[in-house]
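Me: I would like to learn how to read a structure, one feature at a time. Could you walk me through this one?

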2 protein chains.
Amino acid sequence: MTKAAGAPQLRKGVLGPLVLALLEERERYGLEIVRELASRDLVASEGTVYPLLTRLQDAGAVESEWIVSERDRPRRFYRLTGAGRAELAAFRTDWPAFTRAVESILTRGDSPDQRREVHP
Amino acid sequence: MTKAAGAPQLRKGVLGPLVLALLEERERYGLEIVRELASRDLVASEGTVYPLLTRLQDAGAVESEWIVSERDRPRRFYRLTGAGRAELAAFRTDWPAFTRAVESILTRGDSPDQRREVHP
DNA sequence: GCGACTACTTTGCATTGCAAGGTAACGTGC
DNA sequence: GCACGTTACCTTGCAATGCAAAGTAGTCGC
């Protein structure tokens, strides 16, 4: 299956909420988020995620804190705020309607022998 | 927060393929495509679609032709090319993997207390 | 010290979506 | 004819997003 080059800019506008979803689980630092997304072919570089985190913080959706431990090197950890949770909830609400709308258009003149869907 | 009503910028990067899918069915003209997308809350204005059609044509995914009939006023109709079909096929291939990846992240710490079943 | 690795940051660019405004052709009513 | 509304197309200018690339530090192993 086509990898990174495969999905053009599908990602656009989705990354923000995805980062929020990752932070819902627990606090994370920048590179950790990059790796998490990259492992799912959803993002390519740090140049995307770090500015995004800054924007999310400016928007009040996340807050951050430098954490210096003795085991690891200093890292800036991001945590979801109440506003961030609300935004994530809104996205979870909108997402199904969006994919349904896309698929309603996508599966029209769809190839004849592509019917692999479940039928009772 | 700032992301107000409807689907924020989920649309980004998806509109191109959707237009191709609409043209797969039959030839269409600009405003017709705008209305088709708007009826599904997928786009707001002509300022999005007309430049997009121009880009698709420059990319060789569609071709266009002025059609002047006696019933209607002159319209520029767009038609899918071979390259456009290929691009659409690639999108149909990538789309499920994309939504799966998104949902794998979205449904993790998902609904923490979302009992659909009322218990006494 | 030197290199490799981690982690964060910044710059600059291309693409995308959109509102707003503009042009032109056609039909209806006066 | 002429004004007006409608349809259809096009263009300009801007903001947001994604990303490569390059830069800054701190840490570890040698």
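Predicted model: local features only at pLDDT ≥ 70, side-chain atom pairs only at ≥ 80, totals over all residues.

Me: What share of the contacts in chain A with a separation of 6 or more is between residues 24 or more positions apart?

Reply: Contact means heavy atoms within 4.5 Å. For chain A that share is 43%.

Me: Which residues are closest to DNA strand C?

Reply: A residue is near a strand if one of its heavy atoms lies within 4 Å of it. Around DNA strand C there are 25 residues, and the closest are Arg35(A), Tyr50(A), Arg75(A), Gly47(B) and Arg73(B).

Me: Which element gives the most to that surface?

Reply: H3(A) does, with four residues. At least two residues each come from helix H2 (30–38), helix H3 (46–58) and strand S3 (75–80) of chain A, and from helix H3 (46–58) of chain B.

Me: How many residues of the surface near DNA strand C are nonpolar, polar and charged?

Reply: Ala, Val, Leu, Ile, Met, Phe, Trp, Tyr, Cys and Pro count as nonpolar, Asp, Glu, Lys and Arg as charged, and the others, Gly among them, as polar. Here there are eight nonpolar, seven polar and 10 charged residues.

Me: What part of the DNA faces the protein, by atoms within 4 Å?

Reply: Sugar or phosphate makes up 62% of those atoms of DNA strand C, and bases the rest. Now look at polar contacts. A polar contact is a pair of N or O atoms within 3.5 Å; within protein, one must be able to donate a hydrogen and the other to accept it, and residues adjacent in sequence count only if both atoms are side-chain atoms. A polar side-chain atom of Glu46(A) is 2.9 Å from a base nitrogen of DNA strand C. Gly47(B) puts a polar backbone atom 3.3 Å from a base nitrogen. Gly13(B) has a polar backbone atom 2.9 Å from a phosphate oxygen.

Me: Is helix H1 of chain A mainly buried or exposed?

Reply: Buried means under 20% relative accessible area, exposed over 50%, and partly exposed in between (1.4 Å probe, protein chains only). In chain A, helix H1 (residues 15–25) has 10 of its 11 residues buried, so it is largely enclosed by the rest of the structure. Helix H1 of chain B is also mostly covered, with 10 of its 11 residues buried. Over the 120 residues of chain A, 40% count as buried.

Me: What does Leu15(A) touch?

Reply: Leu15(A) sits in helix H1 of chain A and is buried at 12% relative accessibility. Beyond neighbours within four places in sequence, Leu15(A) contacts Leu37(A), Leu42(A), Val43(A), Thr48(A) and Leu52(A). Leu15(A) and Thr48(A) are 33 residues apart in sequence but 9.1 Å apart in space, C-alpha to C-alpha.

Me: Which residues of the largest nonpolar core touch the most other members?

Reply: A nonpolar core is a set of buried Ala, Val, Leu, Ile, Met, Phe, Trp, Tyr and Cys residues joined through side-chain atoms within 4.5 Å. The largest has 58 residues, and Leu18(A), Leu37(A), Leu18(B) and Leu37(B) touch the most other members. Not counting residues up to four places away in sequence, Leu18(B) touches Val102(A), Ile105(A), Leu106(A), Leu37(B) and Leu42(B).

Me: How many aromatic pairs are there over all chains?

Reply: Rings of Phe, Tyr and Trp (its six-membered ring) pair if their centres lie within 6.5 Å; planes under 30 degrees apart count as stacked, over 60 as edge-to-face and the rest as tilted. The whole structure has eight pairs. Trp95(B) and Phe98(B) have ring centres 5.9 Å apart and planes at 45°, so this pair is tilted. Both residues are buried.

How values were computed. Residues numbered from 1 in each chain as written. Chains lettered and ligands numbered in written order. Heavy atoms only, no water.
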